[in-house]
Amino acid sequence: PVKSAETQRSQRLDEVLDELKALNPTANPGSVEGFAPFACGVWRVAFAPHIAKMSEIGSVTFDPILYDLRADGTIISHVQYCFRSPVVNEQGWLSTSGRYGSRDEAVTSFVEWSDAWWNPRSELPTTTSDGAAFKSIVTALGRAGFINGFANFPVEYLDDDLCVFVFPLSATRIAAVREGGLLDVWRQGDHFGNEPFKDQH
C-alpha cells in the first residue's frame with residue numbers, strides 16, 4: 001500500500017485510476033447484475049490514501065485490509081493492525097460482518113455492517129465473533145459506529161481482478177485486488193491458511 005509520504009506516487013496512481021475509470025469494462029458496476037460475476041472471493045486493499053494518513057499520524061499500520069464477499073450477500077472484513085512504540089508492541093485483527101448489495105442498480109453499492117469483533121495478538125482473523133475478546137463491548141461500540149448513510153460506495157471500475165470505488169467520508173478512491181488473482185503482488189495464499197488461488201484463465 002502507498003504511504004502518505006509518497007505524495008508523487010499517490011498522485012500518479014490516482015491519475016491511473018482516472019484512466020481506468022474511462023476504460024471500465026463492466027456496465028453498471030454497482031448493480032447486482034454488474035458485480036455478481038466478480039464479487040465473490042477475498043479482496044485486498046492495495047490503495048487507500050486515507051488509511052495511509054491515519055497510519056502515519058497514529059504510529060500504527062493497518063495492513064492487510066481484507067473484504068471477504070460471499071454469494072449469499074454477506075461480507076466479512078478483516079483489518080490487521082500493528083502498533084509499534086518504545087513501550088508498546090501490539091498487533092491483532094479487527095473484524096466486522098454484514099451484508100452488501102446495490103443501492104441504485106447502477107453505480108452505487110452498499111455495505112451495511114451488523115457485527116464487530118477483536119482478536120488481539122492473533123496471527124489470523126476469525127470468521128465469527130465467537131470467542132473474541134471483550135465481545136459484548138466491541139460489538140456494542142461497533143454497532144454504534146455503523147452509519148448506513150455513509151455506507152454507499154460508487155464503483156468506478158470492476159473486473160475479475162480489480163475493483164475501484166469511492167469512500168464517501170474522505171471522498172477518496174480505494175482500489176482492491178482479488179487475493180490470489182493476477183494483480184495480487186503478495187501471492188502468499190489467503191489469510192485463512194489456504195493455498196493461493198489458481199488462475200482461472
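**Loops, cores and a surface patch**

Ala 171 sits in the loop between E7 and E8. Helices (H or I, at least four residues) and strands (E, at least two) are DSSP runs, numbered from the N terminus. This is a predicted model, in which local features need pLDDT of at least 70 and side-chain atom pairs count only at pLDDT 80 or more, while totals for chains, interfaces and linings use all residues. Residues are numbered from 1 along each chain as its sequence is written, and side-chain values use heavy atoms, with hydrogens and water left out.

Phi of Ala 171 is near 55 degrees, a positive value in a residue other than glycine. Ala 171 counts as exposed, at 63% relative accessibility. Exposed means over 50% relative accessible area, buried means under 20%, and partly exposed lies in between (1.4 Å probe, protein chains only).

Arg 121 also has a positive phi, near 55 degrees, and is not a glycine. This residue belongs to the loop between strand E5 (108–120) and H4. Its relative accessibility is 65%, so Arg 121 counts as exposed.

Helix H4 spans residues 135–145 and holds Leu 141. Leu 141 is exposed because its relative accessible area is 62%. Together with Phe 134 and Ile 137, Leu 141 makes a nonpolar surface patch of about 360 Å². Patch residues have over 30% relative accessible area and no salt bridge; like charges are joined within 9 Å, and nonpolar side chains (Val, Leu, Ile, Met, Phe, Trp, Tyr) within 5 Å. A salt bridge is a side-chain nitrogen of Lys or Arg within 4 Å of a carboxyl oxygen of Asp or Glu. Areas come from the Shrake-Rupley method with a 1.4 Å probe; for residues, only the protein chains shown count as cover.

The largest nonpolar core has 21 residues. Such a core is a set of buried Ala, Val, Leu, Ile, Met, Phe, Trp, Tyr and Cys residues joined through side-chain atoms within 4.5 Å. Leu 69, Tyr 100, Leu 158, Cys 163 and Phe 165 have the most contacts inside this largest core. Strands E1 (41–47), E2 (60–69), E3 (74–84), E6 (152–158), E7 (162–167) and E8 (172–178) each give it two or more residues. E6 gives the most, with 3 residues. Apart from this core lies another, of 7 residues, including Leu 17, Phe 47, Leu 162 and Val 164.

Strand E2 also contains Pro 64. The peptide bond from Asp 63 to Pro 64 is cis, with omega near 5 degrees.
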